[in-house]
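Dear colleague,

I am passing on the structure we spoke about, so that you can look through it before we discuss it. My notes on what was found in it follow below.

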Amino acid sequence: MMTHNLQAPYMPLRTRFRAAILLSLTALPLNALASISGMQSLNDEEMSSVSGQAGLVIESETRATIDRLSYITNGNGIHFDGIELGAASQEGGVTSQRHDISLRDSGSMNILFEVDGRRLTVDDIRLSDRPDLSMGGFYLDQNRIRGNLTISPGGATSDSGFGYDLFYSSTGGRFGYRTNDNHLILDGLGLNFFSLGMSLDMEGDVAVFRAPQVGGQFAVGAIRYGQSPDNFRGALNELPSMGGLTLDFGFSSRFDFQAGGRFGNEGLQINSSTLLNRGAFIYSTNGYNLALRDLSGESHLRDLRMDVARDGSGRLGLALTLGEAEGELNIGRIELGNSGSVGGLNLQWLYADQLVNDRNYSNQVFIQGGGNPHSGPQGLRLGAEWSLADGQIGYTTNGNTLYITGIQSWGEGDVTLDVTRDGTLEGTEFYDGLRIGFEGMAGGYRSEGLRVGSENAERQAGMELLGLHQAFEYDALDGQITLGPIGEGGGEGLLINADIIIRDALSGALLNEDDTGVWAAGRQHDIVLRDMTLQVTDNGLALVLDEGRQLLDIGDLRIGHRDSSHSFGRVSLQTYETGSEMTISGLGDGSEGLRIFRKRILAEEVDDDRRNRFVWETGRQSENGVPVNGSGLQLVLENIHTSDGADLTGQGGISNTFGLQTDTRINVRNSTRTAGEPLGLGFENRTRFRELNVGSMDLVHPTGGAATALHGISLQNMDIRSDLVVTPIR
Amino acid sequence: MISTLLKSNARKARSDIRNRVSRGHCACYGILAAALPLFVMAMEPLDEESMAQVAGQAGMSISGDVFINEDGGPINNASFGDCTDNRRCGARLASQFSEDGGWWVLDDFRGRFQFDGLTLRVRHIDSGFAGDGAEFNRSVLEIGLPGTISMEEVRYSVGTSTTPRPTDPGFQQTNFYSVHMEGDMRLEGNALVFPTGNP
């Protein structure tokens with residue numbers, strides 16, 4: 001039920017009459033409800049201009065419900081079930097809103113609006129072919145909205161269109177996304193923005209929306225996680241926070257809308273261009289910021305279509321398919337904590353169809369319901385395919401830039417999104433937080449390599465020093481990353497649990513234009529991370545790992561073309577770390593650069609899954625053309641581990657707290673040691689450890705068994721510092 | 001063919017260490033070589049023909065300094081300390097060849113190395129090498145030697161020890177010799193690394 005208070009025409013606002021009209025809200029279309037948004041208080045100047053004009057005041061108390069709202073194209077539908085517009089504070093309550101509408105001498109209409117404590121709820125989003133699965137539900141609280149919308153006749157290109165000016169502010173909002181009674185909540189939402197000179201014109205059969213001047217701020221006070229069968233209301237300070245976000249923006253945009261889907265006559269086609277004039281993004285935990293400042297750039301979308309359609313596997317989804325996307329993003333400064341600027345980034349991209357390995361890749365995503373099949377009926381599944389035809393990354397420190405050019409990426413697979421809780425369901429282990437799952441991903445990327453100084457400078461190697469592969473392809477990637485709160489007195493931040501399995505991968509380094517290089521083929525990589533915290537601190541971005549396990553098995557390490565036959569053999573590295581740490585920061589000395597400090601605690605062997613071990617195997621026997629591990633001659637380093645060499649903790653025995661420490665500083669600078677002082681990748685590294693031990697070095701014959709060549713190796717008191725600049729070969 | 005490559009490159013390679021010369025060696029090298037026969041390292045000088053082939057290839061050239069335990073290591077106890085007193089300030093490598101046996105040690109290793117133009121790239125060889133290159137016809141990992149490596153205060157000792165740590169009970173150590181190197185070491189040509197086995 002809703003009450004409208006109407007003001008009689010031509011009466012001053014402050015002497016209005018009131019009339020109560022009861023309306024049936026179920027008859028109110030959702031787009032009408034959605035149009036009631038935004039607000040700003042009238043100031044005295046505006047009041048004086050309005051006084052004496054035609055006016056109308058609508059005050060209402062609203063609660064509206066809609067059982068189902070459907071978007072249907074070509075006979076396929078996506079359903080929004082259980083829609084309610086009511087009070088944020090209590091279930092079934094009404095929300096109050098007020099609209100002051102006036103006509104000005106110019107013929108424009110001015111709408112001042114105020115909304116308090118409103119909640120929009122959608123219980124489930126389903127597709128018409130799978131009513132048993134849902135994408136989950138959400139609730140959006142809009143609080144203390146104050147806004148002012150002016151609608152003027154005449155668009156940007158014709159008198160038949162309209163022009164709009166909007167001022168909007170709101171604070172204390174909330175957005176909750178829920179799946180299976182677990183909630184990811186953006187709490188304390190605040191939005192202030194203005195958009196001047198907006199216009200909507202019909203140009204032929206195309207609706208053109210222009211927003212030439214938009215600016216404002218968006219903030220998330222805290223990203224929270226909670227568990228409840230009911231949607232959360234009221235203060236949520238007791239729920240742990242993963243941190244907060246702030247976004248400043250100023251941009252101009254144009255959107256062209258027209259009818260026509262990718263898979264039938266019905267659907268929506270969008271072309272758009274956006275110019276980002278200014279911006280800043282800040283992620284903060286416990287008062288410390290990860291800040292991307294001085295943002296600018298542009299984005300152009302061509303032929304983006306929206307349909308409800310079936311993907312290549314016959315699954316119905318909300319289909320977003322793209323013709324091309326081209327753009328650029330400049331990040332002037334990246335700041336981590338109080339460690340200074342890491343430098344700036346320039347990202348350029350062209351997403352377009354391309355042929356890779358005799359297969360055509362395009363850019364599309366089919367949004368479906370269900371999420372992970374074991375987490376419950378609610379969740380998101382994104383059937384995705386991507387194709388980055390050309391990309392480039394520029395990294396600038398102190399005015400000098402390093403480029404990674406000619407980046408291509410392609411792939412396909414399913415990404416699932418669920419809000420989950422600790423526990424095992426149907427044999428799958430889940431953790432508290434937002435779970436990002438990967439199912440049947442296959443893809444890869446490659447790049448030309450580095451260029452220093454300019455985009456057209458001589459190509460050089462060096463990505464390997466940054467921990468990047470120049471080329472990487474994989475036939476199967478499965479697993480999950482769950483981002484949850486730290487909680488339990490650990491402060492704001494992320495708690496990360498991850499399991500990633502990569503099969504049949506190929507990576508390349510030191511690649512030439514003819515694809516000759518060092519290739520690692522037949523890569524199998526298992527990664528397990530348990531309870532890794534991520535927080536922004538005074539020193540930078542800090543990651544602390546409770547337990548990490550990796551098994552990297554390269555079946556065929558070779559030099560030459562990617563299909564080369566001669567091989568070094570198989571190399572396998574297994575790692576087991578406990579209590580390792582990493583801090584990513586600026587240099588902290590006033591100059592720009594990236595500093596990565598790592599302390600890796602290589603623990604002593606516990607069992608076959610928890611150990612540090614290196615294997616080099618040659619001469620494997622093949623079965624059906626596939627080399628069999630363990631059938632060749634192996635060199636095995638067993639039980640590799642770090643040690644303090646003494647009891648530094650006072651707990652008895654030999655402690656293991658110092659680990660393998662590497663402190664790396666990266667920037668772009670001149671090589672003063674080389675003639676002409678060419679610009680290059682500056683790489684300064686310091687590696688320290690008290691002890692790095694190997695339990696034994698064994699030679700293992702497939703039939704003769706193991707023979708121990710060394711019964712122990714102990715490397716002690718090491719401190720290696722290198723100060724290098726990497727340039728092209730001259 | 002490989003033996004020809006090795007022979008011809010060994011003849012062309014030149015190593016000239018001025019002042020005092022290292023005598024260091026490691027028994028484990030022999031074990032490694034016996035265990036891993038499926039790769040080969042050869043040497044060749046970098047002539048103009050090779051230089052011409054470099055253009056357009058995406059290798060890298062590395063220049064700079066490497067310091068090993070310049071101001072001592074991270075351990076500070078009765079045996080290890082900084083470089084200003086009589087305690088070890090270098091690194092220590094201990095290896096045990098037999099179970100319950102003694103330990104071979106490379107002890108108190110430290111020093112500073114400076115170089116310009118150590119290159120790394122993958123290169124295809126299908127010519128040269130007195131006609132062997134055409135038959136060889138495969139890619140190699142080429143490590144371009146920097147010409148001159150300057151050394152400062154490079155020191156180490158070789159010996160045997162009863163325990164891996166000098167702080168372990170019953171520790172005794174006998175050094176066979178100690179080395180101190182200063183000056184420039186000339187390393188010209190390329191080291192070529194290539195696999196010869198199967199996956």
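Which strand of chain B is joined to β44(A), and how many bridges join them? Please keep in mind throughout that this is a predicted model. The partner is strand β4 of chain B, residues 91–96, which runs antiparallel to β44(A) and is joined to it by five bridges. Within β4(B), it is B:Q96 that stands opposite A:G712.

This pairing belongs to a contact between the chains in which 61 residues of chain A meet 57 residues of chain B. On the side of chain A that touches chain B, at least two residues each come from β30 (517–537), β31 (540–560), β32 (567–578), β35 (613–618), β41 (679–694), β43 (705–710) and β44 (712–727). Of these, β44(A) gives the most, with 16 residues. Sorted by class, that side of chain A holds 24 nonpolar, 24 polar and 13 charged residues.

As for chain A as a whole, two helices accompany 44 strands, and 41% of its 730 residues count as buried. Among its contacts with a separation of 6 or more, 64% are between residues 24 or more positions apart. The C-alpha trace of chain A spans about 100 × 60 × 55 Å along its principal axes. Its radius of gyration is 30 Å, which agrees with the value near 27 Å that a compact globule of 730 residues would have.

With best regards

Technical notes:
Residues numbered from 1 in each chain as written. Chains lettered and ligands numbered in written order. Predicted model: local features only at pLDDT ≥ 70, side-chain atom pairs only at ≥ 80, totals over all residues. Contact = placed C-beta atoms within 7 Å. Helix = DSSP H or I, 4+ residues; strand = E, 2+ residues; numbered from the N terminus. Nonpolar A, V, L, I, M, F, W, Y, C, P; charged D, E, K, R; others polar. Pairing = 2+ DSSP bridges. Rg over C-alpha atoms; globule rule 2.2 N^0.38 Å. Buried ≥ 20, exposed ≤ 12 C-beta atoms within 10 Å, placed from the backbone.
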